[in-house]
Amino acid sequence: MEREPAAAAEEPGPPGRRRRREGRMRTVRSNLQPPPGAEEPAGKGAPRRRLRGGAQHLADNRLKTTKYTLLSFLPKNLFEQFHRLANVYFVFIALLNFVPAVNAFQPGLALAPVLFILAVTAFKDLWEDYSRHRSDHEINHLGCLVFSREEEQYVNRFWKEIRVGDFVRLRCNETIPADILLLSSSDPDGLCHIETANLDGETNLKQRQVVRGFSELVSEFNPLTFTSIIECEKPNNDLTRFRGCIIHGNGKKAGLYKENLLLRGCTLRNTEAVVGIVIYAGHETKALLNNSGPRYKRSRLERQMNCDVLWCVLLLICMSLFSAIGHGLWVQRYQEKKSLFDVPESDGTSLSPVPAAVYSFLTMIIVLQVLIPISLYVSIEIVKVCQVYFINQDIELYDEETDSQLQCRALNITEDLGQIQYIFSDKTGTLTENKMVFRRCTVSGIEYSHDANAQRLARYQEADSEEEEVVPRGGSLPPRGAAGGHPSTRAAHQSQSSRAHRRVGSRAEARRVSMLTELTAFSSPMEKDVTPDPKLLEKVRECGRCLASARHQEHPLDHLSPELSDIFDFFIALTICNTVVVTSPDQPRQKVRVRFELKSPVKTIEDFLRRFTPSRLTLGSSSVGSASVAAKSTPKASLLSTLANDGTLLRLEERLGAGTPCLASNGYSSAADGWAAERSATGPEPSAELRYEAESPDEAALVHAARAYSCALVGRLHDQVSVELPHLGRLTFELLHTLGFDSIRKRMSVVIRHPLTDEINVYTKGADSVVMDLLLPCSTDDARGRHQMKIRSKTQNYLNLYAVEGLRTLCIAKRVLSKEEYACWLQSHLEAESAVDNREELLFQSAIRLETNLHLLGATGIEDRLQDGVPETIAKLRQAGLQIWVLTGDKQETAVNIAHACKLLDHDEEVITLNAESQ
């Protein structure tokens, strides 16, 4: 149940501020609890109706996208049709024919054409609205589980019966019926994943988490015990923002953010079940607020005809007025002679000049009405109906992969297809396949071209061409081979990479794997089966052998050369610096759960002191979802001051004892069977097929590339990541923090505790334009500084080369944090996570403080190929005179290369570059 927030007025503060707060916020309470001030009902018969009595004015969850009702159809549709000036004119002429003194035709005959036009248009509008009504009815009668107070369990109800304040239980692969605040998840970490394909068309998964304070519940969530009050913002259409707080019975508050909200229309994935309370229902949900609803669309031709009709009417009035004036003058001067259009009085006498002129004016309007041919409009309506039919039945507009045909949903604007002058498009996913394929990389200043991988990608096009020669396809599919590579003076492998944007994916290959990948994004063989570079593969194996031989030594990474150390960290970053979820092959949307020695989360500075000791490996959880920053026994300042004192850390370690199995300082289990136990406890063997669910195709491409070098991601929880490495077996990294990607920072980072060194490491990946500016300054006075500057210079040159070849570039960097640096940063970061106001800004500043003084590891080049027929389509559109604009977030060199590849630019055209220093 929701109340308009009268409770907000009880907060202290100026009256004006309280009123503004009331206007912005709403209060949501459980429908299972009595309204404030009401007594608890005694029986079980009528309490639900009584409890909801205060919420009758709220929007229910019923979906209604139709424009008309039985009563409003006729007047509303006629009103819309009368926006066409010709209809107003024809009705006026038809009604004028009913006046006996001025009619020129039979009234019924004059009314027939205009009735035909109105009836055909009304039938089309009625059919469109009936289709919407059927869709609404189907959605409103979908079922879901809603908690019933009378039966004290979840019962099946229709979507339309859901109200704000109801508790809804959702199971895996079910669609979310309303905007729901996540209160419980079957995932022990309090997480769930949703697919937003119904909102934005993306099949990748997005992570959501249980409201802080509920994820720590040990027992199953019971809606009857929920007494908290939710204060959140009024319904709005901002899909990327949600603000509010939840007030518990003890008066404590916890912030609510978009990560806690499940939006209507999304699909639950990778989670067995979740429970939440409805915050917004029906047309108050964010998805429906972004839907402006049906409207009467007018084509450009219709708008132009309105203008032409207006000029014709003005011409008709002038001609009729001229005739009326002449007739009046005739009657006045020559009363004894009858005029051509003489209208006598009832007694047979002639009219006076003024009435005669008026009658003549109306008569001439009827006689000259052919200036606006009604037959033209009849023909246009018939042509529109036929055009819609032929568009729906056109075999050249049929897609054989999806077995779908073109659907014309707006029957009034079909002629606009031939009137388009401008096309505005984005690049990724529209012009390209959105299948990111790892193409090449550079590590520690050495470039690995992956020529064999480029040849593998070329074979996809060759196989498709051979299939077309054997089984030619008809229809609208454009001819292959029309997009040849443009001339280049680069080496052969570089020219091949620059032409890669012109290649198209194999439809035969797509059909073969469609059954395996229809539920898993970014998992086609073209994306997964990366061919490693032999030189880099040998170096990766050498890293594994060196670390395996130094397994039982105190600092195994010290036995690697600087180049091998960078290679090792580079592939660790590719594997864990992401939000990829590992799924099992038999159930593509079910998460593989792998856990080893989990402890409580890092919630306070004391937890950090209690756990971060130099001789123990504790596999704890991320700080995401932490509840408090306040110290329980020691003030923060004194805690921070003791971090530098190693004696304090040792005394803490001795006092706490060994609560968990101890590991040697090299990160491996000290027991003989510990290594084998870890391997058996963490899930399936690495040879078993695992699938990766990624939030972006770039992440999936990098994880697949790392797996090609035997650095496989085999398990991910919110507090740890398991990686399978060559010669080392499985390592489990404690995941302390994940600083997600945003469009301002243009990078993401993970903070982990390394199992081999016991150090806190920060791995960062992002755009080279920002990462290169965050590197640790190098001094030219020492040899190491000069070597680092040389590596950066080489890496920048390779990045420029990748951009010219049209590849998407990412930089990989690392930073090692000392205990003092991490503790100082952790305090401010936990405060930012727990903040109710300005949380995003505080988290942004926290990430900025951490992502500095980085050590460059390398860079990657990822290829996103153009979709089938894009160059030919753009070329033909340009030949037809259309102006095409493409928006992309790539580097300038990459954008120019792709523009040439898709034939947006010709090679003989001059490219004008405009750069701005500010917005």
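**Asp 426**

Asp 426 touches Leu 431, Val 886 and Leu 887, leaving aside residues up to four places away in sequence. Contact here means heavy atoms within 4.5 Å. I then checked the element: Asp 426 sits in strand β17, residues 422-426. Helices (H or I, at least four residues) and strands (E, at least two) are DSSP runs, numbered from the N terminus.

Is Asp 426 buried or exposed, or partly exposed? I noted partly exposed, because its relative accessible area is 36%. The cut-offs are under 20% for buried and over 50% for exposed, with partly exposed in between (1.4 Å probe, protein chains only). The side chain of Asp 426 also makes a polar contact of 2.4 Å with the side chain of Thr 430. A polar contact is a pair of N or O atoms within 3.5 Å; within protein, one must be able to donate a hydrogen and the other to accept it, and residues adjacent in sequence count only if both atoms are side-chain atoms.

**Binding-site record**

I checked UniProt next. An unreviewed entry there places the feature "binding site" at Asp 426, Lys 427, Thr 428, Glu 699, Phe 741, Lys 765, Arg 808, Thr 888, Gly 889 and Asp 890. UniProt positions follow the numbering used here, feature names are shortened, and annotations may be inferred rather than shown by experiment.

I picked Glu 699 from that record. Glu 699 lies in helix α21, residues 697-708. Glu 699 counts as buried because its relative accessibility is 7%. Beyond four places in sequence, Glu 699 touches Asn 578, Thr 579, Val 580, Ala 694, Met 748 and Lys 765. Lys 765 is itself listed in the record. The side chain of Glu 699 makes a polar contact with the side chain of Thr 579, at 3.3 Å.

I turned to Glu 724 in strand β25, residues 720-725. Glu 724 is buried, because its relative accessibility is 8%. Which side chain does Glu 724 meet in a polar contact? I found Arg 730, at 2.9 Å.

Arg 753 is in strand β27, residues 747-753. Its relative accessibility is 2%, so Arg 753 counts as buried. A polar contact of 2.9 Å joins the side chains of Arg 753 and Asp 758.

**Positive phi**

I noted Lys 746, which has a positive phi of about 60° although it is not a glycine. Lys 746 lies in the loop between β26 (729-739) and β27. Lys 746 counts as partly exposed because its relative accessibility is 38%.

Lys 903 has a relative accessible area of 23%, so it is partly exposed.

**Cores**

I looked for nonpolar cores: sets of buried Ala, Val, Leu, Ile, Met, Phe, Trp, Tyr and Cys residues joined through side-chain atoms within 4.5 Å. The largest has 55 residues, and those with the most contacts inside it are Ile 567, Phe 568, Phe 571 and Tyr 763. Helix α16 (residues 562-576) gives the most to this core, with 9 residues. Apart from it lies another core, of 42 residues, among them Cys 144, Ile 230, Cys 232 and Val 278.

**Transmembrane record**

UniProt, again in an unreviewed entry, lists residues 85-102, 309-330 and 356-378 as "transmembrane region". I compared two spans with the model. Residues 85-102 are 67% helix and 0% strand, and their end C-alpha atoms lie 23 Å apart. Residues 309-330 are 100% helix and 0% strand, with end C-alpha atoms 31 Å apart.

**Whole protein and confidence**

I counted 27 helices and 31 strands. Of the 919 residues, 48% count as buried. The mean pLDDT is 75, and 73% of residues reach 70 or more. pLDDT is the predictor's confidence in each residue, from 0 to 100. Over residues 1-22 pLDDT stays under 50, and the model has 41 contacts for them beyond four places in sequence. Residues 41-56 also stay under 50, with 24 such contacts.

**Ground rules**

I number residues from 1 along each chain as its sequence is written, and side-chain values use heavy atoms, with hydrogens and water left out. In this predicted model, local features need pLDDT of at least 70 and side-chain atom pairs count only at pLDDT 80 or more, while totals for chains, interfaces and linings use all residues.
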